[in-house]
Amino acid sequence: MGRDVDRVSPTKDPLATAVLMLFIGLIMIVLGSGALSVVVIFAGVMLLVYGSSSISRGVRSNSNSDLLIGIVMAVVGLLLVIATGRMTSILIILVALFLMALGVLAIVTNLEAGKRRRNTALVVGIVMIIVGVVLIAYPGATTETMMIVIGVVLVVVSLLSLYSYMR
């Protein structure tokens, strides 16, 4: 059974990845900000499964690294499932900080680029920083929009992946 699961693993099968992205994207579009809780719980369950598998592998092979990674994954997964509301708030803050860091990085790394590219990087960087600040300042109001935009992006990417896979 383990080999069957590995064959349709989203990390190894482009069709499974596209279907999973389509499913998650549609949930995000339909549920909006409510989808964040569903995604957090789903991620928690996946981390619990992966963590328990890694713990089992670590015990069987006496691998301390597998055991440690499995324990950390299982604990994080359990936290995501049990404390979904708190983890959702933390996730929004992490996404905002990540966007702001990417914005700063886009501005700083492209300062030496040509004028046209620099202007684009400057605008993209500033927009990312502004989106991050707005997410932190107004997390409830912006979460709905963020989830719908991410859902639309996931659906478009998954449909393009499915199209490529079918060709």
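This is a predicted model: local features need pLDDT of at least 70, side-chain atom pairs count only at pLDDT 80 or more; totals for chains, interfaces and linings use all residues.
Let me begin with Leu135, which, once its neighbours within four places in sequence are left aside, is in contact with Ile92, Val95, Ala96, Leu99, Thr142 and Met146, where contact means heavy atoms within 4.5 Å. Residues are numbered from 1 along each chain as its sequence is written, and side-chain values use heavy atoms, with hydrogens and water left out.

Leu135 also belongs to the largest nonpolar core, which has 13 residues, and it is listed with Met28, Ala35, Met147 and Leu154 as having the most contacts inside that core. Such a core is a set of buried Ala, Val, Leu, Ile, Met, Phe, Trp, Tyr and Cys residues joined through side-chain atoms within 4.5 Å; buried means under 20% relative accessible area, exposed over 50%, and partly exposed in between, with a 1.4 Å probe and protein chains only. The elements that give two or more residues to this core are H2, H3, helix H5 (84–109) and H7, and H2 gives the most, with four residues. Helices here are DSSP runs of H or I with at least four residues, numbered from the N terminus.

Why does Ser158 count as buried? Ser158, found in helix H7, counts as buried because its relative accessible area is 0%. A polar atom of its side chain lies 2.8 Å from the backbone oxygen of Val155, and, apart from neighbours within four places in sequence, Ser158 is in contact with Ala18, Met21 and Leu22.

Thr84, in helix H5, is likewise buried, with a relative accessible area of 11%. Here the side chain has a polar atom 3.1 Å from the backbone oxygen of Val81, and, with neighbours within four places in sequence again set aside, Thr84 is in contact with Ser37, Val40, Ile41 and Leu79.

Let me finish with Asn62, found in the loop between helix H3 (34–61) and helix H4 (64–82). Is Asn62 buried or exposed? Asn62 is exposed, because its relative accessible area is 69%. Most residues other than glycine have a negative phi, yet Asn62, although not a glycine, has a positive phi of about 55°. By comparison of terms, Val152, which lies in helix H7, counts as partly exposed because its relative accessibility is 38%.

Methods
A polar contact is a pair of N or O atoms within 3.5 Å; within protein, one must be able to donate a hydrogen and the other to accept it, and residues adjacent in sequence count only if both atoms are side-chain atoms.
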